[in-house]
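Me: I have a structure open and want to go through it in pieces. Can you help me read it?

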Amino acid sequence: MLENAITLAAADDGSLSYAIALSPTDLPAVTPTALLGAWDAARAHAQSGQWGPVRRLLFRGPEGAAIVFAIADRDARSWAEAVDRRADLATLPGLALCLRLLALVEVMGRSAWMAGLFRVTADGVELHPSLLRAAAAMPLDAGARFDAEALRGLLSRALPASRVPA
């Protein structure tokens with residue numbers, strides 16, 4: 001892993017900027033246990049009504065081009081703050097954990113076929129172990145998201161035929 005791959009700077013307005021020396025596609029995998037722990041911590045943090053700062057992520061893209069993201073949504077800021085407290089977003093493992101968590105939430109919201117692979121309850125979330133393993137290991141795309149169809153294909157090989165998403 002690249003040492004000193006992330007440079008962090010704080011602005012006068014309280015926002016944080018991260019300059020990352022690689023692309024979102026090159027972020028490392030995380031463990032399923034870490035991902036589930038981050039989910040639980042983020043959920044608890046959001047329920048407390050605490051919101052973190054706006055975070056700007058500046059990745060190195062193809063041929064040195066910049067890829068810029070902002071974590072500006074109040075809920076996403078809260079989740080990022082919780083992961084930062086748990087895993088330090090100024091490290092590649094911490095940043096990978098945060099972006100995988102946000103990508104998982106995003107893909108769950110846009111992919112109706114995933115409905116049988118998770119259940120949100122008053123006590124938290126229950127994620128199918130195959131979904132959790134896939135989200136922990138599958139590479140993010142250049143937009144720091146999961147490719148829903150690639151995820152579907154990966155899960156169709158990991159699940160028994162009776163559980164394969166239609």
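Me: Let's start with threonine 7. Where does it sit?
Reply: Threonine 7 is in strand β1, residues 6-10. Keep in mind that this is a predicted model.

Me: What does threonine 7 touch, leaving out residues up to four places away in sequence?
Reply: Threonine 7 touches Ser17, Tyr18 and Ala19.

Me: And how far is its C-alpha from that of alanine 90?
Reply: The two C-alpha atoms are separated by 7.0 Å. Along the chain, threonine 7 and alanine 90 are 83 residues apart.

Me: Switching to α1. How many residues, and what span?
Reply: Helix α1 covers residues 32-47, which is 16 residues. From first C-alpha to last it reaches 23 Å, close to the expected 22 Å.

Me: Which residues of α1 are buried?
Reply: Leu35, Gly37, Ala38, Trp39, Ala42, Arg43, His45 and Ala46.

Me: What covers them?
Reply: The cover includes helices α2 (74-87), α3 (92-110) and α4 (129-137). Strands β5 (118-121) and β6 (124-127) are also part of it.

Me: What about glycine 49, after the helix?
Reply: Glycine 49 follows α1 and has a positive phi, near 80°.

Me: Now β3 and β4. How many bridges join them?
Reply: 6 bridges join β3 (residues 55-60) to β4 (residues 66-71), and the strands run antiparallel.

Me: Which residue in β4 is the bridge partner of arginine 60?
Reply: Alanine 66.

Me: And what lies between the strands?
Reply: β3 and β4 form a hairpin, with 5 residues between them. In the turn, glutamate 63 has a positive phi of about 55°.

Conventions:
Residues are numbered from 1 along each chain as its sequence is written. This is a predicted model: local features need pLDDT of at least 70, side-chain atom pairs count only at pLDDT 80 or more; totals for chains, interfaces and linings use all residues. Side-chain values use heavy atoms; hydrogens and water are left out. Two strands pair if DSSP finds at least two bridges between them. Helices (H or I, at least four residues) and strands (E, at least two) are DSSP runs, numbered from the N terminus. Contact means heavy atoms within 4.5 Å. The expected span of a helix is 1.5 Å times one less than its number of residues. Buried means under 20% relative accessible area, exposed over 50%, partly exposed in between (1.4 Å probe, protein chains only).
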